[in-house]
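These notebook entries record what I looked up in one structure. They are grouped by topic.

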Amino acid sequence: MNSYELIHPKTHLRVLSRYEIQQLRDVSSQAHDLVRRCCYAVLSAGSQNDSYVEIEEAYQPFDIHFEQEDRGLVLRLINPPASAFVDNEIIRGVREQLFSVLRDVLYAQDSIIKAQRFDLNNSEDITNAIFHLLRNADVLRADQLPNLAVCWGGHSIPRSEYKYCKEVGYHLGLRGLDIGTGCGPGAMKGPMKGATIGHAKQHNRNGRYIGITEPGIIATEAPNPIVNELVILPDIEKRLEAFVRMAHGIVIFPGGPGTAEELLYLLGILTHPDNATLPFPVIITGPKETEDYLQAIDRFIGTTLGAKAQARYQLIIDDPQAVAQAIKTGIHGVKIWRQQQKDAYFFNWSLHIEADFQHPFDPTHEAMAALNLSLKAPGHQLAADLRRAFSGIVAGNVKADGIKRVQEHGPYLLNGDPQIMAEMDALLARMVANGRMKITGEYTPCYRISSRGVLE
């Protein structure tokens, strides 16, 4: 293979004027490193490496340039990963994901951020911005009945859990459900792979495998090769809102702090009084050997957010078929409710999301230490701060900025009520012991736990 490859678009950005291409080139020069990192992640699709140091070393020789020909946009890839090519031809799915990166990252930079089209300090405008990003990515299908099962779970899981996720995906696929995930490996890949078999058995040739990610995490959780619709949102909060606005039901598999963050975000929203009657099926599930771990998560939710939060999900152990049946039944209830409310099938406008769950959280050491992890806090506020705490741990584990901060200033300090911190410490210790923090190498905690200033 040459040190560079010329790539033409086949789907996204295929027909552009010279003016539009020049605009893309102008925006890309301002966000070059962001585009470069996201493109490298896509070209590394299927990678099982989540070591930031190793990924950074392999990334350095790579570069990408935008060139203009009369027939349109051309990408010049310099030292791309060999795994993205077969017989010197780029894999079709990788090509499509590559141009999805340009579509989402550059459109977000130009049309959402640079143009100040929306007031991103305003909740309604944030939701509208997310809608426009998803519509621009062509993932909102007005002609389809509710059938999107979003699956959350860890990127670092043992083989037995991966097989279970795949089995659940298979039963979801048999029932005609499409799959959305965070697009990475592990519990994000398993359901998609299982669903492809279920769809094939039903001769469903239009199966959708939607991957929703964000720039800060894509580099260490590269899109898996089954994703056929990739969407990159500007930050984790907009990514999470995109999930819950698009999903008709959510299945949660065992995972690490990222999965805990997603669960806390979801429960913080669903327990808001404005969402009390809104149907939204949520299943927490895993194979038999994960029962103790899932029970620990259930106890953590009960201790922190209470019985009202526990009532918003169903715990199913070691029964893929029951999971698929429960989600299918729940989604039918969503369809009836949306019909009655005259709400769109493809985007859940009726779901109320507080501003605390929408504004980006920058996990500095000061911000992490200042989180109000108190049982006296209102339920939605505690859920929002717990979500931020786990988001910071994710950043310290896999995101470039978070890793650098921990290297420079030491572990994050998390402080709160003794009861909350004891449960959090126990849950995080289980994640470490189960290898849920990272795929390769030994894990060094990026956090410390204390109770009201007293280090445990």
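**Entry 1: Ile157**

I looked up Ile157 and found that this residue touches Tyr162, Cys165, Gly186, Ala187, Pro254 and Arg436, with residues up to four places away in sequence not counted; contact here means heavy atoms within 4.5 Å. I note that this is a predicted model, in which local features need pLDDT of at least 70 and side-chain atom pairs count only at pLDDT 80 or more, while totals for chains, interfaces and linings use all residues. Residues are numbered from 1 along each chain as its sequence is written, and side-chain values use heavy atoms, with hydrogens and water left out.

I place Ile157 in the loop between β6 (148-152) and α6 (159-174). Helices (H or I, at least four residues) and strands (E, at least two) are DSSP runs, numbered from the N terminus. Is Ile157 buried or exposed? Its relative accessible area is 17%, so Ile157 is buried (buried means under 20% relative accessible area, exposed over 50%, partly exposed in between, with a 1.4 Å probe and protein chains only). I also looked up the C-alpha separation of Ile157 and Asp178, which is 23 Å for two residues 21 apart along the chain.

**Entry 2: α6 and α13**

I next took α6 with helix α13 (residues 320-341): their axes come within 8 Å and cross at roughly 45°. Axes are lines fitted to C-alpha atoms, for helices over the stretch in contact, and angles run from 0 to 180 degrees between N-to-C directions. The angle makes α6 oblique to α13; angles under 35 degrees count as roughly parallel, over 145 as roughly antiparallel, 65 to 115 as roughly perpendicular and the rest as oblique.

Which residues of α6 and α13 meet? On α6 they are Tyr164, Glu167, Val168, His171 and Leu172, and on α13 they are Pro320, Gln321, Val323, Ala324 and Ile327. By class, the contact of α6 with α13 holds seven nonpolar, two polar and one charged residues. Ala, Val, Leu, Ile, Met, Phe, Trp, Tyr, Cys and Pro count as nonpolar, Asp, Glu, Lys and Arg as charged, and the others, Gly among them, as polar.

**Entry 3: α10 and α11**

For helix α10 (residues 257-270) and helix α11 (residues 291-304), I found axes that come within 12 Å and cross at roughly 40°. This makes α10 oblique to α11, and α10 passes α11 in a right-handed crossing. Leu263, Leu264 and Leu267 of α10 make the contact with Ile297, Phe300 and Ile301 of α11. The class count for α10 with α11 is six nonpolar residues, no polar and no charged.

I then looked up Ala260, a residue of helix α10. Ala260 is buried at a relative accessible area of 13%. Apart from residues up to four places away in sequence, Ala260 touches Phe390 and Met431. Between Ala260 and Tyr447 I count 187 residues in sequence and 15 Å in space, C-alpha to C-alpha.

**Entry 4: α4 and α5**

Helix α4 (residues 92-114) packs against helix α5 (residues 123-136) at an angle of about 140°, with the axes 10 Å apart. The two helices, α4 and α5, are therefore oblique to each other. Their crossing is right-handed, with α4 passing α5. I listed Arg103, Tyr107, Ala108 and Ile112 in α4 as meeting Ala129, His132, Leu133 and Asn136 in α5. The contact of α4 with α5 has five nonpolar, two polar and one charged residues.

**Entry 5: Positive phi**

Most residues other than glycine have a negative phi. His203 lies in the loop between α7 (189-201) and β8 (209-213) and is exposed at 57% relative accessibility. Lys342, also not a glycine, has a positive phi of about 55°. I place Lys342 in the loop between α13 and α14 (365-369), exposed with a relative accessible area of 75%.

**Entry 6: Cysteines**

How many disulfides are there? With a disulfide taken as a pair of cysteine sulfur atoms within 2.5 Å, the count is zero. The cysteine sulfur closest to that of Cys39 is in Cys38, 7.1 Å away and so too far for a bond. Cys39 is buried at a relative accessible area of 0%, and Cys446 counts as buried at 2% relative accessibility.

Note on methods: A crossing is left-handed if the near helix is turned anticlockwise from the far one by less than a right angle, and right-handed if clockwise.
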